[in-house]
Amino acid sequence: MKTNKFGEMIFSEEDVFNLVMQGHDIANLNGVLVDPPVDLETAALILEDVPTFVQYDKYVEENLSVAEFDHRNQQRWFMPEEYKQLDIAKHVLDLCQTEAELQRVGEELLLYQERNLFDLLRYLKYLIDVMKKNCLIWGVGRGSSTASYVLYLLEVHRVNSMLYELDPREFLR
């Protein structure tokens, strides 16, 4: 396995074979970048449920800069449609129990909106729901993200930033 200039992992045919032989769920390989030598037609004949691999050549041909690559991928979020359509501002505001919480969340949501980060909040909601559903454990929180009360309400971390009077701008600067 290798990585490209964007930090994405590129799998060889042998890498894909090893993943299948190690018992990884084929459905979870959707969207995996593969080197052109991977014979997708033969894989379709052998496997019952063929994942949708992406040929790595696609990115090479486009000659994208890292900035262009980042911008393009900020538009694609791999999450169910229900989360893509979620009114995340309403959802977070509904989690508030006091006027002070409503005020703080309103201020933070404006900061998130200014930075066009609502899709990120939707994705974090989806990620936390998946982790809960699968009984996965995640940390208490770390770094500047703990300054965000919105992330606390979404259960991304467990640090009540209002209690400790942490400034959300520390996270969103």
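Colleague: What pLDDT does the protein chain average, and what share of the residues score at least 70?

Modeller: The chain averages a pLDDT of 83, and 79% of its residues score at least 70. Here pLDDT is the predictor's confidence in each residue, from 0 to 100. This is a predicted model, in which local features need pLDDT of at least 70 and side-chain atom pairs count only at pLDDT 80 or more, while totals for chains, interfaces and linings use all residues. Residues are numbered from 1 along each chain as its sequence is written, and side-chain values use heavy atoms, with hydrogens and water left out.

Colleague: Where is confidence lowest, and where is it highest?

Modeller: Confidence is lowest in helix 3 (residues 57-62), with a mean of 56, and highest in helix 6 (residues 88-94), at 98.

Colleague: How many helices and strands are there?

Modeller: The protein chain has nine helices and four strands. Both are DSSP runs numbered from the N terminus: helices are H or I with at least four residues, and strands are E with at least two. Along the sequence the order is β-β-α-β-α-β-α-α-α-α-α-α-α.

Colleague: What share of the residues count as buried?

Modeller: Of the 173 residues, 35% count as buried. Buried means under 20% relative accessible area, exposed means over 50%, and partly exposed lies in between, using a 1.4 Å probe and protein chains only.

Colleague: Which residues have the most contacts inside the largest nonpolar core?

Modeller: They are Val105, Leu121 and Val150, in a core of 21 residues. Helix 6, helix 7, helix 8 and helix 9 each supply at least two residues of this core, and helix 8 gives the largest share, five residues. A nonpolar core is a set of buried Ala, Val, Leu, Ile, Met, Phe, Trp, Tyr and Cys residues joined through side-chain atoms within 4.5 Å. In soluble globular proteins, nonpolar side chains tend to be buried together.

Colleague: What does Val105 touch, leaving out residues up to four places away in sequence?

Modeller: Val105 touches Val92, Leu93, Cys96, Tyr149, Val150 and Leu153. A contact means heavy atoms within 4.5 Å.

Colleague: Turning to Glu101, is it buried or exposed?

Modeller: Glu101 is buried, with a relative accessible area of 14%. Glu101 belongs to helix 7 (residues 99-114). Not counting residues up to four places away in sequence, Glu101 touches Leu95, Cys96, Tyr149 and Met162.

Colleague: With which side chain does the side chain of Glu101 make a polar contact?

Modeller: The partner is the side chain of Tyr149, at 2.9 Å. A polar contact is a pair of N or O atoms within 3.5 Å; within protein, one must be able to donate a hydrogen and the other to accept it, and residues adjacent in sequence count only if both atoms are side-chain atoms.

Colleague: And where does Ser148 lie?

Modeller: Ser148 is in the loop between helix 8 (118-133) and helix 9 (149-153). Ser148 is buried, at 1% relative accessible area. A polar atom of the Ser148 side chain lies 3.4 Å from the backbone nitrogen of Val150.

Colleague: How many disulfides are there?

Modeller: The count is zero disulfides, a disulfide being a pair of cysteine sulfur atoms within 2.5 Å. Cys96 is buried, at 13% relative accessible area, whereas Cys135 is exposed, at 66%.

Colleague: What is phi for Cys135?

Modeller: Cys135 has a positive phi of about 55°, although it is not a glycine. Most residues other than glycine have a negative phi.
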